[in-house]
Amino acid sequence: METSIVFDWLERHKKIIRRSLIPALLAMVALVCLLVYMTGGIKYAYSQLMYIPILVAGTFFGLKGGLLMGLIAGLALGPLMPINVTTGEMQPTISWLYRAGFFVLIGGGCGYISSSVARYLSHFKWLSQHNPETGLPNRNALFGAIKNLKESNRMSSSTTLAIIAIDNTLELKSAFGFNVIEHATKQVARRLALNGGDDIFHTDSAEVAIILNNGEEQNQKFLNNLGVLLKEAVIYNEISVHIETRVGYVCFGDGEQSPGVYLHQAEAALALVQELAQDIKAYNPEVVGRTERSISILGQLQKGLEKGQVSLHYQPKIDLVTGEICSVEALLRWDHPEKGMIAPGSFIPRAEQSTLIQGITEFALEEAINQHIQWRNQGILIPVAVNISTRNLLYPKFTERVIAMLEKFGIGGEWIELELTEGSLVMDMEETIEQLTKLANANFSISIDDFGTGYSSLQYLHRLPASLIKIDQSFIKRLPDDKGAAYIVDAAVTLAKKMEIKTIAEGVESASVFEYLQNTGCDMAQGYYISPAIPPEQFTRWYLSRNGIYASMA
């Protein structure tokens with residue numbers, strides 16, 4: 001660090017140092033010549049002192065300076081300097097020419113080394129401030145620019161840092177190779193520069209940052225135009241390539257934060273934009289705080305599974321015709337030692353976007369199968385539904401491992417129901433259908449959860465091996481007064497009956513909704529009106545006290 005400071009100081013004061021050294025070096029040459037003459041001539045060793053100004057000149061003036069000083073020194077101790085002042089004997093021409101040549105060689109060598117080191121340090125300094133692939137200023141340069149704005153009092157409350165990220169990098173790299181990201185990033189930066197962006201930085205592999213400091217109105221106008229500006233395709237190998245971009249930004253406000261904090265806040269806003277699949281979003285400390293807490297919780301989930309903090313609660317499903325308790329849904333519950341009971345919504349959506357979902361699903365399946373076996377031994381013969389993710393189905397050998405669980409525990413697939421949300425089916429429909437078909441052939445019941453919240457599954461419903469669809473609770477909770485919700489529920493029930501698929505309404509929270517569903521022809525119901533999700537021991541007592549029949553059907 002200290003060496004770096006010294007080199008920075010020398011670089012900043014290079015011109016002053018050089019101006020000061022020119023007369024000093026000439027004076028030094030003159031002094032050496034005087035010393036040589038006064039001590040008797042060139043035959044004595046004092047002439048070796050001439051290397052000092054030669055080396056100093058080579059160090060501070062580089063190759064040209066070293067060569068010139070070597071030549072000046074050689075001539076100064078050349079034809080006019082006697083070998084012996086007392087006798088007046090002069091040097092042979094070959095002697096002083098040899099010495100002068102050696103001085104020039106030493107000065108040139110020192111200067112070459114000095115120039116090479118200077119070039120290396122200059123390149124190293126450039127690398128510390130620029131991205132070597134795109135040539136754009138990098139993250140360090142961004143921090144320096146923000147610091148300079150602050151120190152020069154040019155920063156205002158409306159000064160904005162925006163991060164523009166290319167979101168479909170994996171798609172681009174798989175189609176065109178790694179170089180496409182570099183080309184796309186440079187074109188995005190050029191586009192920003194041509195449209196009024198001054199300070200542009202390459203902060204990450206597929207991210208460009210820009211500082212906006214033109215007043216609140218102009219800054220906002222620039223941000224509003226980004227959507228149109230960034231939708232234009234980039235050109236790669238003479239091909240128009242579509243890029244998906246997201247923008248997160250933060251206003252500096254009072255300017256009291258460090259540059260790193262502002263970049264973190266802008267990137268936090270960017271992460272939120274990507275999560276919500278939006279185009280642009282400002283930093284919101286409250287929302288980002290929730291995201292940070294969610295990620296922190298997710299980091300503790302694996303240990304929670306290992307230490308037995310995660311368990312399954314079970315919510316019954318009722319046959320609306322017979323009143324029979326016909327099935328249960330296994331729902332995860334996490335009893336955190338410090339935070340208490342954590343709702344599934346706080347960690348399951350995040351887990352579904354990570355590799356953790358594989359371990360969570362296998363844990364849930366194994367626990368549900370074990371619980372089914374315990375209930376079977378107590379005379380309770382009901383299927384157990386477990387939620388799985390499309391990511392699970394796309395995971396190598398997941399289907400085979402689930403089927404192997406049946407063989408391991410010695411139960412039939414008809415006792416396990418697998419639920420997938422409708423929205424998740426769009427990830428890779430063909431592969432999903434193939435894996436679901438394998439599971440259906442092993443007698444697993446396949447249920448489409450949250451049905452009605454999307455439209456994509458309608459075009460595939462006839463191909464899905466589904467035996468049950470769950471009508472989303474957002475419609476059920478609005479019954480019976482909301483006519484729009486009623487039409488959707490009636491249509492879903494009618495469609496399912498024509499396709500010989502059973503329907504279940506989730507989120508039943510009142511007697512009026514329960515009775516309405518009975519009259520629509522819906523097959524099953526589930527919700528707080530019937531029972532919340534409860535621990536297995538409590539469900540056992542609840543089930544046995546009713547002899548397997550829901551009391552309200554009497």
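A: What follows goes through the salt bridges, pair by pair.

This is a predicted model, in which local features need pLDDT of at least 70 and side-chain atom pairs count only at pLDDT 80 or more, while totals for chains, interfaces and linings use all residues. Residues are numbered from 1 along each chain as its sequence is written, and side-chain values use heavy atoms, with hydrogens and water left out.

Searching the whole structure gives 15 salt bridges, a salt bridge being a side-chain nitrogen of Lys or Arg within 4 Å of a carboxyl oxygen of Asp or Glu. One of them joins Glu182 to Lys186, with 3.7 Å between the closest N and O atoms. Both residues lie in helix 7 (residues 179-194), and because they are 4 residues apart, about one helical turn separates them. Helices are DSSP runs of H or I with at least four residues, strands are runs of E with at least two, and both are numbered from the N terminus.

Arg401 and Glu362 form another salt bridge, at 3.1 Å from N to O. This pair connects distant parts of the chain, 39 residues apart: Arg401 is in helix 14 (residues 398-409) and Glu362 in helix 12 (residues 356-377). Arg401 is partly exposed at 38% relative accessibility, whereas Glu362 is buried at 17%. Buried means under 20% relative accessible area, exposed over 50%, and partly exposed in between (1.4 Å probe, protein chains only).

Lys497 pairs with Asp523 in a salt bridge whose closest N and O atoms are 3.9 Å apart. Here Lys497 belongs to helix 17 (residues 483-498), and Asp523 to the loop between helix 18 (511-520) and strand 16 (524-526).
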